[in-house]
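Visitor: Hi! Could you walk me through a structure I've never seen before?
Guide: Happy to, here it is.
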Amino acid sequence: QVQLVESGGGLVQAGGSLRLSCAVSGRTFRIYAVAWFRQAPGKEREFAAGITWNGDSTSYADSVKGRFTISRDNAKNTVYLQMNSLKPEDTAVYYCAAKPGNVGITIADFRSWGQGTQVTVSS
């Protein structure tokens, strides 16, 4: 099993920045990619950003591209999400998740999930 623990959420004003961290432990050898998802009240969980475990490839949702940056430090088994130019619509619980295998990047492909960290952006 893989365990993930998110941290770094909080309350910021629109235009501000936050950096989320996801500490990964357990059977990390099985991990192909780690991604950040987010879920706002009344909405489905959606993909925000993803990165291969070796850091060679990244992917972003159109809604965050150009504002968010995902990165990793494999020595620390930690994945980061730097969020800049935050907007009220970024308000959500942010989850990190890990997936095995290199085929597809759908939510069903991610088998291990953290507990989430709240990000609130005020206008």
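Predicted model: local features only at pLDDT ≥ 70, side-chain atom pairs only at ≥ 80, totals over all residues.

Visitor: Where does D90 lie?
Guide: D90 is in the loop between β8 (78–83) and β9 (92–99). Strands here are DSSP runs of E, at least two residues, numbered from the N terminus.

Visitor: Is D90 buried or exposed?
Guide: D90 is buried, at a relative accessible area of 1%. Buried means under 20% relative accessible area, exposed over 50%, partly exposed in between (1.4 Å probe, protein chains only).

Visitor: And which side chain does the side chain of D90 make a polar contact with?
Guide: That of R38, at 2.8 Å. A polar contact is a pair of N or O atoms within 3.5 Å; within protein, one must be able to donate a hydrogen and the other to accept it, and residues adjacent in sequence count only if both atoms are side-chain atoms.

Visitor: New topic: which strands pair with β8?
Guide: Strand β3 (residues 18–26) pairs with β8 in the antiparallel sense over six bridges, and L20 stands opposite L81. Strand β7 (residues 68–73) also runs antiparallel to β8, joined by six bridges. Pairing takes at least two DSSP bridges between two strands.

Visitor: What do β7 and β8 form?
Guide: A hairpin, with four residues between β7 and β8.

Conventions: Residues numbered from 1 in each chain as written. Heavy atoms only, no water.
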